[in-house]
Amino acid sequence: MTLLRDMCYPTPQELGLAARALADEHPGTVRLREAGTSRAGRPLWVLSVAATGGAPRRAGRDVLVVAGAHANEPVGGATVLALARRLLRDPAPRAGCGWHFLLCADPDGADLHRTPRPYSLLDYHRNFFRPPGPEQPEWAPSLLPPDRLPPETLALTALIDELRPVLQVSLHATDLGGTWVQLTRDIPGLAEPFAKSAAELRIPVENGASDAAGWPSPGPGIFVIPQPGGEAAGAFHPEDTRLSTWYHAHRYAGTTAIVEVPMWASDLVDDPTPHPDPRRALRMLAERLTSDAALVAAVRGGGGTRADPLPYGDPAAAPLLRAVDWTLALIPRVAAEWTTAAPAEATAAYIASIDAFGRRLSLRAAAMLLRVLRTQGHPAAPGLDRLVTGWCEDFAARFGARWVPVATQVEHQSRTVLAAYDRLVAADRSP
């Protein structure tokens with residue numbers, strides 16, 4: 001398949017306008033409504049494409065697709081629009097099933113992270129933002145008591161309660177690596193169309209994804225989140241995943257699929273050969289992560305300058321600084337996990353995925369801190385700028401990063417969503 005041109009990542013405002021135009025063009029079939037508002041009062045738009053009469057419509061047969069749960073992963077917005085248009089052209093998946101698209105779960109975060117069309121990892125990190133875990137709509141229930149949940153989370157869970165979806169899909173992206181899918185329950189047969197799509201579109205499959213270490217894997221790049229009591233808790237989900245909104249659909253016998261696609265691809269994460277010494281490699285990666293984080297923490301604390309540590313008092317800087325501090329606090333826990341629970345055997349892909357994960361943690365903290373320092377004319381800004389630039393260049397060079405056009409990212413996510421629904425319905429119909 002040839003994708004004729006690249007596209008830009010749409011902003012939440014552009015998504016709303018495009019969705020409104022689609023609803024106006026297809027009255028009676030497409031509906032746009034507000035499912036709530038963000039903390040800053042921005043609308044949370046839901047675009048719905050009605051079921052066709054080709055099969056009896058039953059409660060609990062709807063699909064909910066969530067975009068923009070992470071502010072720094074903007075491809076999902078483009079994917080939901082593409083999926084809605086595809087369903088209008090080919091209504092077969094709508095037989096007895098309504099499709100609903102939350103256009104952006106975190107519009108406030110998306111407003112702080114700007115990625116229209118990055119040309120390099122450095123472009124991507126110049127205006128980077130990813131909120132701390134408790135401020136992320138999907139993760140907040142795993143980290144906060146019910147009376148402190150943000151309105152975005154409450155709107156999302158209310159939407160799940162209303163729709164009772166048989167399938168919830170959360171669209172995610174990674175800056176550099178490969179594609180993979182996490183499932184709250186296995187969807188038999190998904191691995192085949194997923195792998196076929198990735199191969200056709202030249203997207204490597206991340207068969208050793210760092211945040212799915214040790215999870216059951218029915219096929220390359222497909223990971224099933226362990227059930228309660230399982231040994232593979234996952235070093236990168238130390239929170240209780242089952243309290244996240246991913247599991248809210250389980251109240252209604254639903255399944256959630258989290259579809260990851262890379263902005264830049266690397267074949268290193270698709271290498272299944274055994275690594276010669278994973279324990280030594282992980283020790284070295286943990287040491288580098290600890291050292292890199294210390295450099296960022298020194299700047300954050302005013303080290304090397306006469307400036308005091310930056311406070312949260314500035315409303316514009318506060319979200320960035322909270323995210324910096326949360327990331328820096330997470331890093332020691334991650335580094336400790338690498339050294340205390342290192343596997344005796346691991347693939348080269350897994351070690352590469354760990355390598356990428358560690359690089360992005362310290363780089364993200366540095367990039368967000370740099371945004372604050374630049375705005376305030378802080379004397380540490382030039383030095384931190386050089387550090388961020390060097391880390392981006394090293395990251396891209398180490399992994400042989402190649403850009404995946406936005407249209408290709410969208411096509412792969414769209415195919416995977418439709419395949420997940422098709423396989424889930426087929427499994428539901430089997431005797």
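Me: How do helix 8 and helix 9 run, roughly parallel or roughly antiparallel to each other?
Reply: In this predicted model, helix 8 (residues 278-300) and helix 9 (residues 318-340) have axes that cross at roughly 155 degrees. Angles over 145 count as roughly antiparallel, so helix 8 and helix 9 are roughly antiparallel to each other.

Me: Nice. And within what distance do the axes of helix 8 and helix 9 come?
Reply: Those axes come within 9 Å.

Me: Left-handed or right-handed crossing for helix 8 and helix 9?
Reply: Left-handed.

Me: Which residues make the contact?
Reply: On the helix 8 side they include Leu-282, Leu-285, Ala-286, Leu-289 and Ala-293. Helix 9 brings Leu-321, Val-324, Leu-328, Ile-331 and Trp-338, among others. Charged residues take part too, among them Arg-283 and Arg-300 of helix 8 and Asp-325 of helix 9.

Me: How many of the residues in the contact of helix 8 with helix 9 are nonpolar, polar and charged?
Reply: They divide into 14 nonpolar, two polar and three charged.

Me: OK, what about helix 8 and helix 10, at what angle do their axes cross?
Reply: At roughly 5 degrees, with the axes of helix 8 and helix 10 (residues 348-375) coming within 10 Å. That makes helix 8 roughly parallel to helix 10.

Me: Who's in that contact?
Reply: From helix 8, the list includes Pro-278, Leu-285, Arg-288, Asp-292 and Val-299. From helix 10, it includes Ile-351, Asp-355, Gly-358, Arg-359 and Leu-369. The residues of this contact divide into 15 nonpolar, two polar and five charged.

Me: Switching topic: how many aromatic pairs does the structure hold?
Reply: Seven aromatic pairs. One of them is Tyr-124 with Phe-128, an edge-to-face pair at 5.6 Å centre to centre with 75 degrees between the planes.

Me: Are Tyr-124 and Phe-128 buried or exposed?
Reply: Both are buried.

Me: Which residues do ring pairs link into a cluster?
Reply: Tyr-124, Phe-128, Trp-264 and Trp-403.

Me: And what's the geometry of the Phe-395 and Phe-399 pair?
Reply: Phe-395 and Phe-399 are edge-to-face as well, 5.5 Å centre to centre and 80 degrees between the planes.

Me: Why are Phe-395 and Phe-399 separated by about one helical turn?
Reply: Because they are four residues apart in helix 11 (residues 381-399).

Me: Last one: what relative accessibility do Phe-395 and Phe-399 have?
Reply: Phe-395 is at 0%, so it counts as buried. Phe-399 has a relative accessible area of 3% and is buried too.

How values were computed:
Residues are numbered from 1 along each chain as its sequence is written. This is a predicted model: local features need pLDDT of at least 70, side-chain atom pairs count only at pLDDT 80 or more; totals for chains, interfaces and linings use all residues. Side-chain values use heavy atoms; hydrogens and water are left out. Axes are lines fitted to C-alpha atoms, for helices over the stretch in contact, and angles run from 0 to 180 degrees between N-to-C directions. Helices (H or I, at least four residues) and strands (E, at least two) are DSSP runs, numbered from the N terminus. Angles under 35 degrees count as roughly parallel, over 145 as roughly antiparallel, 65 to 115 as roughly perpendicular and the rest as oblique. A crossing is left-handed if the near helix is turned anticlockwise from the far one by less than a right angle, and right-handed if clockwise. Contact means heavy atoms within 4.5 Å. Rings of Phe, Tyr and Trp (its six-membered ring) pair if their centres lie within 6.5 Å; planes under 30 degrees apart count as stacked, over 60 as edge-to-face and the rest as tilted. Buried means under 20% relative accessible area, exposed over 50%, partly exposed in between (1.4 Å probe, protein chains only).
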